[in-house]
Amino acid sequence: MVAEHGATWNLSPCLIDLMHETDRLFPGRSTASDGSIGDPAHAARVSDHNPKEPRPPGWVDAVDITDDDAAGCDVGRLVHHLVASRDRRVKYLIHKGTIWKAYDSGGVPAWTPTPYTGPNPHTKHVHVSCLPGERFHTAAWWAAGDVVPGPVPVPVPQPKEDDDMLIVKCAGKPTRFLAAPLCPVIDTMTEQSLLLVGVKAAYFSAESYDRLLNHVTRSFGEA
Ligand SMILES: [Zn+2]
């Protein structure tokens, strides 16, 4: 069960409903990638997992639900249903390298599947953000019955592991987040390479930090 309340924050009621409904429908499902309030990595960037001011109530407007097809909790099915029904509570959904926004954005019409380029491609879970005005809207989230709709279109192949985001820390410099595809590059170019394999965060000397980010910028045009 994800955390629903803290001293200064509250998970939006409609998302509490979503988690309870999911637990009820798929008993024994994996919750390995479930989440509500953001971890320190989320706190360093803009995310609906971070509590909104003022606190309290400090609304948290996002949850992550683990994809567990074996237990019936096929979150691709949930996405399909929410997109097809234009669910009024949804602000955006992210799953398997794709984002669906419930509003027009940058010339892209609402609900159009678009490649998601953030640091975590969400291959193991779906991210559901709700609209602030719909926090108290209760209704079933999942489709009724056992009808399994067709697959959700996924425009861009993404790396298998979605937890391989590297958090690069250095005293006096901004913390940076590097996505999984950069691991091999980092692996061959810094003496910290061994440290980076299998860890989520590492501290660097100023010199190594600059070298790493310069290399990433040269190779990929961004860090
Ligand atoms: Zn999320």
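Trainee: Is aspartate 64 buried or exposed in this model, and how do I read that?

Mentor: Look at relative accessible area; under 20% means buried. In this predicted model, aspartate 64 has 9%, so it is buried.

Trainee: Where does aspartate 64 lie?

Mentor: Aspartate 64 is in strand β3, residues 62–66. Five of the five residues of β3 are buried, so the strand is largely enclosed by the rest of the structure. Check the side-chain directions too. Ala62, Asp64 and Thr66 point one way, while Val63 and Ile65 point the other way.

Trainee: Which strand is joined to β3 by bridges?

Mentor: That is β7, residues 125–130. Five bridges join the two strands, and they run antiparallel. Valine 63, for instance, has valine 128 as its bridge partner.

Trainee: Which residues are the protein donors of the zinc ion?

Mentor: Look for N, O and S atoms within 2.8 Å of the metal. Here they come from His49 (NE2), Asp64 (OD) and His127 (ND1), at 2.0 to 2.1 Å. Their sequence spacing is H-x14-D-x62-H. Histidine 49 lies in the loop between α2 and β2, so its pairing with aspartate 64 ties together parts 15 residues apart in sequence. Histidine 49 is buried, at 2% relative accessibility.

Notes:
Residues numbered from 1 in each chain as written. Predicted model: local features only at pLDDT ≥ 70, side-chain atom pairs only at ≥ 80, totals over all residues. Heavy atoms only, no water. Donors = N, O, S within 2.8 Å, 3.2 Å for Na, K, Ca; no water. Helix = DSSP H or I, 4+ residues; strand = E, 2+ residues; numbered from the N terminus. Buried < 20%, exposed > 50% of the residue type's maximum accessible area, 1.4 Å probe, protein only. Pairing = 2+ DSSP bridges.
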